[in-house]
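I opened this notebook to keep track of what I looked up. The entries follow the order in which I went through the model.

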Amino acid sequence: MYQYTEFDRQFVRQRAAQYRDQLERHLAGQLGDDEFRPLRLQNGWYIQRYAPMLRIAVPYGEIASRQLRVLAKIAREYDQPSADLFRQAQTTQDALGAVPVPGGGEVRSRLKAGYGHVTTRLNVQFNWIPLARSADVMDLLASVDMHGIQTSGNTIRNIATDALAGIAVDEIADPRPFCEILRQWSTLHPEFAFLPRKFKISVNGAREDRAAIGWYDVGLQLLRNDAGELGFKVLVGGGMGRTPIIGTVVREFLPWQQLLNYLEAVIRVYNRYGRRDNAWKARIKILVKAEGQRYIAQVEEEFRQIVEVDGGAHTITQAELDRVAANFAPPVLARREFKGEDAILRTAAQADPEYTRWLARNVKPHRDPQLRAVTLSFKRIGQAPGDATGEQLELAADLADRFSAGEARTTHEQNLLLPWVHADDLPALWQAARKAGLARPNIGLITDMIACPGGDFCSLANARSLPIAEAIMQRYQDLDEIHDIGEIDLHMSGCINSCGHHHSGHIGILGVDKDGQEWYQVTLGGADGSDLSGPAQPGKVVGPSFSAAEVPEVIEALLETYRQLRRSADGKQETFLATLRRVGLEPFKAAANAARITEQQVA
């Protein structure tokens, strides 16, 4: 992973010191709320429904074991509300009622403190840190090269990529050096500190798009042209929210040396013409959709001016790329005799059947035949998707040290990946991960759902998402059943801001407000761009919204319809999405609507 230089460390420490001064002046009454608000937001501090929320940057998902241990310390010692505040919050959530679980039982909001939450944008959030202690947390983060700089506000918030970057077997080129160059260029960029709206970039370096580039403000696909030269396909104007739009290809091939110059042009045109008069129309996707070719022509002219008139000051040289790439040297691993695939399969055959499933679901190939990439599942009963307690973060750090050269990666699916695992260590890792509660063999299956914190925490949310997620999790605990259902993306958001990426889910759930009550819109057929899902596209709505009590039944009805309609060939079952696309939406819509609770059933 990227190794911070002394300049990097000094920058982060200075920023933490600046924030401490700002906080102390605010607490002393010298900075009012309106004056302090942009200062805390620039460092990742929000005020949520009950308490401050901190969003910590994890650039392109890479995180070291020492950083995980600091996050564990923050969870244990700082993510702790007062007893009165926590009791008040729980009482308020209790009043919203329970969500029934198909087959019996119910789920209520169960607020918890002392944990970190992995987001779909690869960052980590905490929900209960008192603002008065926030500067201490920033100092603690700076001690391990972490911060919350630019994780909020109308600026370039983060640079995302594939969790397998640098180790994928289908990789065209490692995207991480370009991600780091983009991070350094965009951080505190004076021209782009106050854009019309927030802005996010995703870079994919593999043949398969595992970085969902079509759904970002700017998506970058590394490729080689016919001459073998490396460059980028550039997509602009993707995004979710109230108006889901897939990014438009504005350049089929951009030489890598011109990446910063071209993005400068892309964002300058947006900064100049983006809608600042209407927050719902302020994202770059609205500008690109409205202007079409005129927007692209403006970008090309601005790019020409930057290169030909201004001299292309941000042209990336080979020396600069080499300098940054050198900070991504793979870890030095002890070489040992590799027993080979047959030995792994023999071990699996002799082991617990769950181990065999874990190998199939949680273990991915690696560019080094002796190594594997292993996902630790953060999806289990009793905890929200993506959540990890201080103890679990500490255990994850231990696993990273023992099995993955001290490195892990946050994933878009809200899990944690170990990128440097020796194949011969898989049995031992499985045993250790299972003991830690992180070895559920459900990656890519129905219980590996994506969900935002929703109305339990977020002040923007229209409805809760976590009790719905827990009800579905409780319903689908039988491993035989969830493996029979097979690969499926279930995504859930508590409001139209789409932090749970419901638009790209094969099944999407969106919380909406109807006369002060929680209701949920269901969509079908969304795609993120991966091989499983196909080209990125938003899902289609299934009729009127459903009550909270109906949603788990609707999910069950959709999955049962799939099992009845799917085909099999060569011993392989057709996936949910393939069946949906083959037969169309109508059978699934009918099944979903049949699951509605009638007045007679309620009585």
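How many bridges join E3 to strand E16? I found three bridges between E3 and E16 (residues 407-410), and the two strands run antiparallel.

I note the ground rules before going on. This is a predicted model, in which local features need pLDDT of at least 70 and side-chain atom pairs count only at pLDDT 80 or more, while totals for chains, interfaces and linings use all residues. Residues are numbered from 1 along each chain as its sequence is written, and side-chain values use heavy atoms, with hydrogens and water left out.

**Entry: the sheet with E3**

I took helices (H or I, at least four residues) and strands (E, at least two) as DSSP runs, numbered from the N terminus. Two strands pair if DSSP finds at least two bridges between them. Strand E3 belongs to an open sheet of five strands in the order E3-E16-E17-E14-E13, with antiparallel pairing. Strand E3 (62-64) and strand E13 (363-364) stand at the edges with a single partner strand each, so one side of each has no neighbour in the sheet.

**Entry: strand E8**

Here I needed burial: buried means under 20% relative accessible area, exposed over 50%, and partly exposed in between (1.4 Å probe, protein chains only). In strand E8 (residues 156-161), six of the six residues are buried, so the strand is largely enclosed by the rest of the structure. Five bridges join E8 to strand E9 (residues 199-204), and these two run parallel. Threonine 161 has valine 203 in E9 opposite.

**Entry: helices H13 and H14**

I noted that two packed helices are described by the angle between their axes and the distance between the axes. The axes are lines fitted to C-alpha atoms, for helices over the stretch in contact, with angles from 0 to 180 degrees between N-to-C directions. Helix H13 (residues 390-403) and helix H14 (residues 426-435) pack at about 170°, and their axes are 11 Å apart. H13 and H14 are therefore roughly antiparallel to each other, since angles over 145 degrees count as such, under 35 as roughly parallel, 65 to 115 as roughly perpendicular and the rest as oblique.

I then listed the residues that meet, with contact meaning heavy atoms within 4.5 Å. Leu399, Arg402 and Phe403 of H13 meet Ala428, Leu429, Ala432 and Ala433 of H14. The residues of this contact divide into six nonpolar, no polar and one charged. For those classes, Ala, Val, Leu, Ile, Met, Phe, Trp, Tyr, Cys and Pro count as nonpolar, Asp, Glu, Lys and Arg as charged, and the others, Gly among them, as polar.

Leu426, Leu429, Trp430, Ala432 and Ala433 are buried in H14.

In helix H2 (residues 33-41) I found Phe36, Leu39, Arg40 and Leu41 buried. Their cover includes H1 and strand E1 (45-47).

Is threonine 579 buried or exposed? Threonine 579 counts as buried, at 0% relative accessibility, and lies in helix H18 (residues 576-583). Apart from neighbours within four places in sequence, threonine 579 is in contact with Tyr562, Leu565, Arg566, Glu574, Gly584 and Phe588.

**Entry: salt bridges**

I used this rule: a salt bridge is a side-chain nitrogen of Lys or Arg within 4 Å of a carboxyl oxygen of Asp or Glu. The count comes to 47 salt bridges.

I checked one in helix H1 (residues 6-27), where aspartate 21 and arginine 25 lie four residues apart, about one turn of the helix. Their closest N and O atoms are 3.1 Å apart. Aspartate 21 is partly exposed at 39%, and arginine 25 is partly exposed at 31%.

Glutamate 470 forms a salt bridge with arginine 110, with closest N and O atoms 3.1 Å apart. This pair links distant parts of the chain, 360 residues apart: glutamate 470 is in helix H15 (residues 466-475), and arginine 110 is in the loop between strand E5 (106-107) and strand E6 (115-118). Glutamate 470 is buried, at 7% relative accessible area, whereas arginine 110 is partly exposed at 48%. Elsewhere, salt bridges with shared partners join Arg475, Glu481, Asp484, Glu556, Glu560, Arg563 and Arg566 into one network.
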